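Dear colleague,

Please have it open while you read.

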Amino acid sequence: MPLLIRNVRLLDPASNLDAGGSLLVEGGRIASLGREVPVPDGAETLDGGGLCLAPGLVDLRVRFGEPGAEHKERLESGVRAAAAGGVTSVAVLPDTEPPIDDPAMLEFVAARARRLKSVKVHPYAALTKGLAGKQLAELALLKEAGAVAFTDGDRAVADARVMRRALSYAGALGLLVVQPPEEPSLAEGGVMNEGAVASRLGLAGVPAAAEVMMIERDLRLVALTGARYHAALVSTAEAVEAIRQAKARGLPVTCATTPHHLALNELEVEGYRTYAKVRPPLRAEPDRLAVVQGLKDGTVDAVCSDHTPQDQDSKRLPFAQAAFGVVGVETLLPVALKLHHEEGLSLLDVLRPLTVAPAGLLGLEAGRLAVGAAADLVLFDSDAPWKITEAGLSSLAKNTAFEGRLVQGRIERTWVDGRTVFKRV
Amino acid sequence: MPETPDLAFRRRHLLAIEGLHPFEIADLLDCAEGYVAHNRKSDKKLSTLRGLTQINLFYENSTRTRTSFELAGKRLGADVVNMSVSGSSIKKGETLIDTAMTLNAMHPDALVVRHGESGAVALLAHHVRCAVINAGDGSHEHPTQALLDALTIRRRRGRIEGLTVAICGDVLHSRVARSNLLLLQAMGASVRLVGPPTLLPPAIETFQVPTFTDMREGLEGCDIVMMLRLQTERMQGSFVPSVREYFRLYGLTPDKLKAAKPDALIMHPGPMNRGVEIDGVVADDIDRSAILDQVEMGVAVRMACLDALTRHLRDGD
C-alpha cells in the first residue's frame, strides 16, 4: 500500500532541499516529494506533525559482534539499535573473530543480516589476511562476495610496501581502502591522549603525532598509486590539516570522525572513566575544535559512530586493562545535532556527513531523498530534549560515553525500503 | 600514649595527594609526629584500633611497604591480615572488583592496596564500604610515601616551605615523584625534576615545575636531593641505553652532590639500586642520608593515616 508522509520538513543534503511538504512511498521507493504530492487512491497517510524527514543515516563504521563476540552484540541487537538511531545502512568492520578475510565468511555475515529484513548491513572485508598487515586478502573475490570497502579495522597497515600494494590493487578494483591512521610503533602501549592529563593520571599516552605521521606516509603512497584512500577516523588538528592540504592538491582522499571526537575531549578520562577509552583517544580541546572546524569546512567528509560494543566486564577494569570503544549507532544523530544547536551548523550541513557523503564513499545508492531512491527514511524531532541513559539503549552493549548527557534531537520513526523498522512508542 | 587531637582530615579514603588541602596534609603530619615518639618506646602496643580489621592487599611485590603498614596496624591494635596475591584467586582470573566485593563481605575496616595499574585503587574503593589507603597504584600516586618524605624533611629541616627539592631519576614511571611533587608544592617548597628526557613525563611543562636533564644543573643550590628508583621492571622499550651510562649521567655520586647545598639532605624511597641511581658512599653517609629516617617515619605516618581514616568508627567510644 502506498504511504503518504505529510506535514513534514523535508531535508535532503544532496539536493539542498529544506522545505515543508510531503513524501510519497510506493513499492519501497520514493514515488514523489514536494509541497504538493499527488495522492493515489487507498494510500495510507501519516501526519508528520511538522517534524524533520530526512534520508536514513549511513554509518560507515560499526561492529555488531558477529562472529565471535555475540555476548557483546548480535546482528539482531545491532540493527535494532541502528534503526532506533535513524540509521538505515551500516558498514560492519571485519575485525571479528575470526576476521572477515574470506569470501565465505563475508557471504555468511551478509546473508545473516539480510534475513533480518531491517537495516541494510554492508560488510567490509579485511585488507590483509588475518588482519596481520602482511599478505593481501583475496580482494577481488571479496568484492564479488559483496565487500563495500577494505580495511584492517582498528589496525593500521604498518608496512609501507604492503600498503602501497594494497592501494594499487584495490584501486584497480575501484574499491576504497580505509586506514585507521595510527603509527603503531609510536602508539604502542598508549591508552589515552598523550599530554598533561595522561601524565597526571600516570597513564601511557598516544601522541597526536602518531595519527598525522601515518596519514602523511599514506598520502605519499596515494600519490604513488593514484588510489582512493579514506582515513577511517581523524582526531587531531594536524591530521585534519594534512587532509585539507592533500585535498587542495587534488589527491583522492577523504576522512571521517565520530560524534565523541566532535563532542568530547580528553578530560572525560578524569577519574579513570573507562567508558571514555576509545581509539583514537579523545584528544585535547584544541584538537577537538580543529576537527569541528574540519567538518564545517568540508575537510572531514563523514561522521560515523565507530560503534564498538563492550560488555561491562571489559570496561569495569583498571583503565589500562579496559577495552577500547563505545557504542554509538543509536546516539549518532542526537550527538551530531549538537553541531546544529551549539555550533550553528544548518540541519543540512549536519545531515550531509551522515547521509549522502558516506553513501558516496562506499558507492551505495542511499542517503538521498529523490524520486526513485529507496525509501530509507528517518523522521525526527530536531529539538526534542532527552537524556541518554544506558537503560534507554536498544543495543545489547551499553558502553556509551554519553551516559546521563542531555541531548536535543529524537528519532520518531525509521523506514527501510518503505517498511517501518523503528517507531517510538 | 600520643595525643589524639581533633583532625581536620575527614576523608573516607586516602587515594591521592591530589585534592588534599595543605591543612589536611599538615594535620596528618602533626598526628604522625606523636607516633614517631611513641614508636621509640619499648612498649609500642596501643589499643586505638582494637577490634578493627586491616587487610593489606598487595598486587605487586613489596616487602618494605607492606611490612610498614603491617607494623602500623599492629601497633595500633588492629587485626592485620596480609592477602598474598600469588596463588590466590586473583591469579586465577578474578577481577579487581570481584576481589573488592569479596573482601568487603568480610567487613574489614581498612584496606591497604597496592596495584600495578594507575587508578586501580580508586576503582576498588568504589566497591567497598571501608577506608581504603592507596599504597601505590601504577605510575599514579603513592600518598603515604609523600607524607613520610614530608615528615622526614620537616623533622630534619624544621620546615618544608621555602626549601628547594630536586626529584631525580625515572620520573615518568614514578608514583612517588607524582605524589611528592604535589605535596611539596602544596606545602610551599619549590620542586625541580631531574632526569633523562626519555624518563620525564610528556607535557611536563604544564606541571609548572622546572626540569633539568643535566644532573649538576638540577642539583645546583638544592636543600633536598630525592632520588628515585630506576624502575627497570616497568620499562617497555629503551628509555636509557645502559645502566652504566645511566649511572654516569644520573647516578648520585659525591662529585655530583657537590652542586647541591653543602648540607643537602639525601633521600630515597627504597629499595635502592646501589651503583644504578645512587652511589653506596652517598647512601651510607650518616650525616646527609635521611634514607633510614624515611623508613622510620613511614611507620608513624601510616599509623596516623590509619588512625585518621578510622576515627569515625570510634566516635561512639
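What follows goes through the sheets, then the helix packing, and then the aromatic residues.

Please keep in mind throughout that this is a predicted model, and that every value below was computed from it.

I begin with chain A, where an open sheet of five strands is arranged in the order β9-β10-β13-β14-β15, with parallel pairing. The edges are formed by β9 (149-151) and β15 (302-303) of chain A, and because each of these has a single partner strand, one side of each is left without a neighbour in the sheet. Within this sheet, strand β13 (residues 229-231) of chain A runs parallel to strand β14 (residues 253-257) of chain A and is joined to it by three bridges, and A:H230 has A:T254 as its bridge partner in β14(A). Helix α8 (residues 237-248) of chain A packs on the sheet, where it touches β13 and β14 of chain A, and its direction makes about 150° with that of β14(A).

That helix also packs against another one. Helix α7 (residues 209-225) of chain A and α8(A) meet at an angle of about 20°, their axes being 8 Å apart; the two helices are therefore roughly parallel to each other, and the crossing is right-handed. On the side of α7(A) the contact is made by A:E211, A:V212, A:I215, A:E216 and A:L219, and on the side of α8(A) by A:E238, A:A239, A:A242, A:I243 and A:A246. Sorted by class, the residues of this contact are seven nonpolar, no polar and three charged.

Elsewhere in chain A, strand β5 (residues 52-55) is joined by two bridges to strand β1 (residues 3-12), with the two running parallel, and A:L10 stands opposite A:L53 in β5(A). With strand β16 (residues 377-387) of chain A, on the other hand, β5(A) pairs in the antiparallel sense over four bridges, and here A:P55 stands opposite A:L377 in β16(A).

Turning to chain B, there is an open sheet of four strands in the order β2-β1-β3-β4, again with parallel pairing. Its edge strands are β2 (79-83) and β4 (131-137) of chain B, each of which pairs on one side only, and the twist from one strand to the next averages 15°. Strand β3 (residues 110-115) of chain B pairs with β4(B) in the parallel sense over five bridges, with B:V132 in β4(B) as the bridge partner of B:L111.

As for helix packing in chain B, helix α1 (residues 22-39) and helix α11 (residues 291-314) pack at an angle of about 125°, with their axes 8 Å apart, which means that α1(B) is oblique to α11(B). The crossing of these two helices, α1(B) and α11(B), is right-handed. Among the residues that make the contact are B:L28, B:C31 and B:Y35 of α1(B) and B:M297, B:V301 and B:R311 of α11(B), and by class the contact has twelve nonpolar, two polar and three charged residues.

Finally, how many aromatic pairs does a search of the whole structure find? Over all chains there is one aromatic pair, formed by B:Y246 and B:Y250, which is tilted, with 5.7 Å from centre to centre and 40° between the planes. Because B:Y246 and B:Y250 are four residues apart in helix α8 (residues 243-250) of chain B, they are separated by about one helical turn.

Terms used
Residues are numbered from 1 along each chain as its sequence is written. Chains are lettered from A and ligands numbered from 1 in the order in which they are written. This is a predicted model: local features need pLDDT of at least 70, side-chain atom pairs count only at pLDDT 80 or more; totals for chains, interfaces and linings use all residues. Side-chain values use heavy atoms; hydrogens and water are left out. Axes are lines fitted to C-alpha atoms, for helices over the stretch in contact, and angles run from 0 to 180 degrees between N-to-C directions. Angles under 35 degrees count as roughly parallel, over 145 as roughly antiparallel, 65 to 115 as roughly perpendicular and the rest as oblique. A crossing is left-handed if the near helix is turned anticlockwise from the far one by less than a right angle, and right-handed if clockwise. Contact means heavy atoms within 4.5 Å. Ala, Val, Leu, Ile, Met, Phe, Trp, Tyr, Cys and Pro count as nonpolar, Asp, Glu, Lys and Arg as charged, and the others, Gly among them, as polar. Two strands pair if DSSP finds at least two bridges between them. Rings of Phe, Tyr and Trp (its six-membered ring) pair if their centres lie within 6.5 Å; planes under 30 degrees apart count as stacked, over 60 as edge-to-face and the rest as tilted.
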